[in-house]
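Subject: A structure for you to look at

Hi,

Here is the structure I promised to pass on to you. Have a look at it first, and then read my notes below with the picture open beside them.

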Amino acid sequence: MPNVIDARRPTASEPRLSTYKSQSRQLSQLLRAFVSRQFNVSVDELVSAQRGSSAACHARQVAMYLTHVVFGVTLTSVGDDFGRDRSTVSHACRQVEWARDDVVFDQLLSRLEWQLRAATGKEV
């Protein structure tokens, strides 16, 4: 049997891309608020096109990491949300993973992950 493209319209019970993007945007805004407060940088600094201070850069890396890990957003979509390339997001995720070797930093991220999951109804 030849491959057939399913050209039917999504039903009301099926998620739509626009709904997903809207939810993704809302989750991203929530996460930015959590991270900016925790790292004492403004939300504007997190999404700034400029690199900014080292504190802002570190907070942005954490925000990109959490967006990817907690919410399962693709690296490309995270990059789009933060005005960065997918490879920059990948680098940020590696940096944060390496930094988790520090027990205090790991505890901070674990707490942030738990708070974000609890606030959004994700598995806790």
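Leaving out residues up to four places away in sequence, Val-35 touches Leu-46, Ala-59, Val-62, Ala-63 and Leu-66. Please keep in mind as you explore that this is a predicted model.

Now step back to the whole protein. Of the 124 residues, 31% are buried. The accessible surface comes to about 8,200 Å², and carbon and sulfur atoms account for 51% of that surface. If you take the contacts with a separation of 6 or more, 54% of them are between residues 24 or more positions apart.

- Thr-67 lies in helix α3 and is buried, with a relative accessible area of 1%.
- Leaving aside neighbours within four places in sequence, Gln-61 is in contact with His-91, Ala-92, Gln-95 and Val-96.

Then turn to α6. This helix has 18 residues and reaches 26 Å from its first C-alpha to its last, close to the 26 Å expected at 1.5 Å a residue. Which residues of α6 are buried? They are Phe-105, Leu-108, Leu-109, Leu-112, Glu-113 and Leu-116. Seen down the axis of α6, these buried residues fall within an arc of 135 degrees, so they line one face of the helix. On the other side of α6, Val-103, Val-104, Gln-107 and Trp-114 are exposed. Just after α6 comes Gly-121, with a positive phi of about 80 degrees.

Another positive phi is found at Asn-40, where the value is near 55 degrees in a residue other than glycine. Most residues other than glycine have a negative phi. Asn-40 sits in the loop between α1 (17-39) and α2 (43-47). Is Asn-40 buried or exposed? At 72% relative accessibility, Asn-40 is exposed, because exposed means over 50%.

Last, the cysteines. A disulfide is a covalent bond between the sulfur atoms of two cysteines. How many disulfides does a search of the whole structure find? The search finds 0. Cys-57 is buried at 12% relative accessibility, and Cys-93 is buried as well, with a relative accessible area of 10%. Both values count as buried because the cut-off is under 20%.

Enjoy exploring, and write back with any questions!

Best wishes

Key:
Residues are numbered from 1 along each chain as its sequence is written. This is a predicted model: local features need pLDDT of at least 70, side-chain atom pairs count only at pLDDT 80 or more; totals for chains, interfaces and linings use all residues. Side-chain values use heavy atoms; hydrogens and water are left out. A disulfide is a pair of cysteine sulfur atoms within 2.5 Å. Buried means under 20% relative accessible area, exposed over 50%, partly exposed in between (1.4 Å probe, protein chains only). Helices (H or I, at least four residues) and strands (E, at least two) are DSSP runs, numbered from the N terminus. Contact means heavy atoms within 4.5 Å. Accessible areas come from the Shrake-Rupley method with a 1.4 Å probe; for residues, only the protein chains shown count as cover. The expected span of a helix is 1.5 Å times one less than its number of residues. The arc is that of the directions from the helix axis to the C-beta atoms.
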